[in-house]
Amino acid sequence: MGHTLRIAMSRLPTPNGILGPSYSLLPLESQLLLVTSVLGTSTSWVVYSLLNDAFTSGGGGGVVLVSFLNEVSYFCDGGKRHGLDIQSHLNKGDLIFVDGLSRLFLEASNSSRATPPRMPPSAGITPRGAIPTRTPISPRQQVPSTSSSNLPDPIRYVSIGAAGAKSLNVIKAAVQSLPTGGTRPRVIIEGLDVVMAAAGIDVAAIEDFLYELREVRIHTIPPTPLYYTVHHERPMLIKANEQITSTMAVISPSDSTLTHTSPSSTPLELSHANLLLSLSHTADAILSLRLLDTGVAKDISGVLRVTRGAGNLWRDGNAGVVEEKELLYHEADAGVRIFARGSGGH
Amino acid sequence: MAPPKANEKTVQYRRTHNLLLGTRLLSQRGTPSPFTLILDSLSQSSIPLVEEYIARAKTARVNIVYVSFTTPRPPKDVSRLKVIRARGKPLDALQKEIMATTETVVPVEKQAEPASTPQTQNLVIIDSMNHLVASSSEGGGQKNSMSLAFFLSSLLAPSISLLATYHVDIPRVSQPPTANANAYAPDPADLLKYLCTTLITVHSPSHIFAQKRALDKSLPPPRFGLEEGIEGAIASLGTNTGWCDTCTAKERSRGLIYELEHRRMSGRAMTEWFFLMCHPSKKTKEKLILLEDHPAYNPAITVPAAESTEGLDDSDLTFSLGLTAKQKVDRDGVVLPYFDAQSEDGGTGGRILYVPGREDDWDDEEDEI
């Protein structure tokens, strides 16, 4: 098992492989990576790649994975194919999954533990655009939680009730409850546009929330200056009064119908383009997945383009530089391979 | 506006006058522009230019106030820089905070001797006007929020200059029109462009050069960024990369091209395209040059006159214009009549030999040979 695990893991491209060797030198605080995709390309392997990097790079920093599109079982199954045992990390407590799909329109339960609500969603809290309440939504398969009581809940739920944008604070609480080993917490958010489109939350509120999330303060900061070696080449000095801020990856679709707007566009179209472009203006790197321009190919899944974002331009000491590049990638059962154009993937 | 064509006639004038004005505006010398608006896009961020402003303001000992809406990591190494977190604050509170941070008030006892303490200059930097617009009354902010024009004019004082960035490609989410909204009011972006005294549009050097190369061959210029026409690509290659042959990738990205429109108090406007290099030029010790003086934009500028005949391009001629080595030696050996006249003792070749004939009316006093 351990052998196959290692082989499978090595087939997942690392963020270093995608973003260049200086990825590990990018500023640790408030880093923002924007991953965009179009219809037909899947960003899941990027999620696994980021998770894999977080778990293997050492340092013990935790990860919060937020998805408004998929449940935890989706990531568990997919991770298994890439040799990533998500369930064990959930049990260990260094991964918290925030489920924004299963109970988005259900009433928030006081304890976010595994007692799924049985009642149908009341019509009073259904926001505009919500699914009509015909039948009680049966709770999906629950992953058995084996965590002991002192560990944070590995799975949390977002429910948009009367609280509106405040209900996203579950994510912030999840980040704060991560064990801090001196490393920055990492947050991966997928499908924020669902919150905007289905739950009707204002784009400004979402932007404010993301901005706050990048500056979440962790309470267990050691009182004296300490050196932590997170990576071999990544020494990190944490001053007593400095905030440890989270590193965030936001995954969002960027189809042209969602980014190209005109004055006659609907508010939702404008909001989506506004969110995506505002994020790209502050991102350190933009990683966009798209289909091959020339059509479908058997051994190429799509094109991966990395461009340097404005957030990477500040003259921050010895911060690394994102290298812009355009590569092809192929996603197969055996793993994901990225290769240069013309190298044929052999 | 498209980048200018290289113009030999006016470049000399602009090299002295416009470049001087551009440097003065960048260094905040003399009377700085009260309100500089930078328009940027995903293809090129305004950050390198803002950093250049900060670096020059630092040497000029200007008090810098950085109003941050979207920047989580404002520059830290600047000692005289104050950061205001502006997100979520109403405009009137923000305005009060900015005014409190700027050093405008000269204490009363010092006012008696005005010559001894010159008033401190303040540079207020706003990193995203889009967010400021969204919280103003024009942009559909909360009820009874301050209007944009009022907010900006309340900041204006002789000792304050404002440097604000507006991201042109972020669409504004328009709120449903309220009863008191003026349907005939201009778009906030247009209002900002009208109010500012200096309007800067930044461009990515590699994109401008690619467009110039295409235009030089009469090809349609390529499009970049959201206009690139590739599904799913929001930023093109060449974004925020700068342009330099010698620097590393990190240093190189400090370079950018910008178009500057400065409106003087008289109403006359000056428009010029500049290239902000990542390192000072060896000759002028200045980072700012005219776009036309950059060799990548205008290749003719680097070729000195002596070399231009040497590398004559005759690849498309059917005969050879050049000389072989033997032909050159033979040509050098030819003795021409006037060579004799140029020798040390005058020689004999230069004299006019004329024998007066019978029909000549020879006058000894006047004529001589």
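Colleague: Which element gives the largest share of the lining of the second largest cavity?

Modeller: This is a predicted model, in which local features need pLDDT of at least 70 and side-chain atom pairs count only at pLDDT 80 or more, while totals for chains, interfaces and linings use all residues. Residues are numbered from 1 along each chain as its sequence is written, chains are lettered from A in the order in which they are written, and side-chain values use heavy atoms, without hydrogens and water. A cavity is a set of points on a 1 Å grid over the protein atoms alone where a 1.4 Å probe fits but cannot get out, and lining residues have an atom within 4 Å of a point. Helices (DSSP runs of H or I, at least four residues) are numbered from the N terminus, and the largest share of this lining, four residues, comes from α10(A).

Colleague: What is the volume of the second largest cavity?

Modeller: A volume is the space filled by probe spheres set on the points, which are joined across faces, edges and corners. For the second largest cavity this gives about 130 Å³.

Colleague: Which residues lie nearest the centre of the largest cavity?

Modeller: The largest cavity holds about 230 Å³ of space. Its lining has 22 residues, and those nearest its centre are His281(A), Trp314(A), Ile47(B), Thr70(B) and Thr71(B).

Note on methods
1 Å grid on protein atoms, 1.4 Å probe; cavity = no way out; pocket = protein on both sides within 12 Å on 5 of 7 lines; lining within 4 Å. Helix = DSSP H or I, 4+ residues; strand = E, 2+ residues; numbered from the N terminus.
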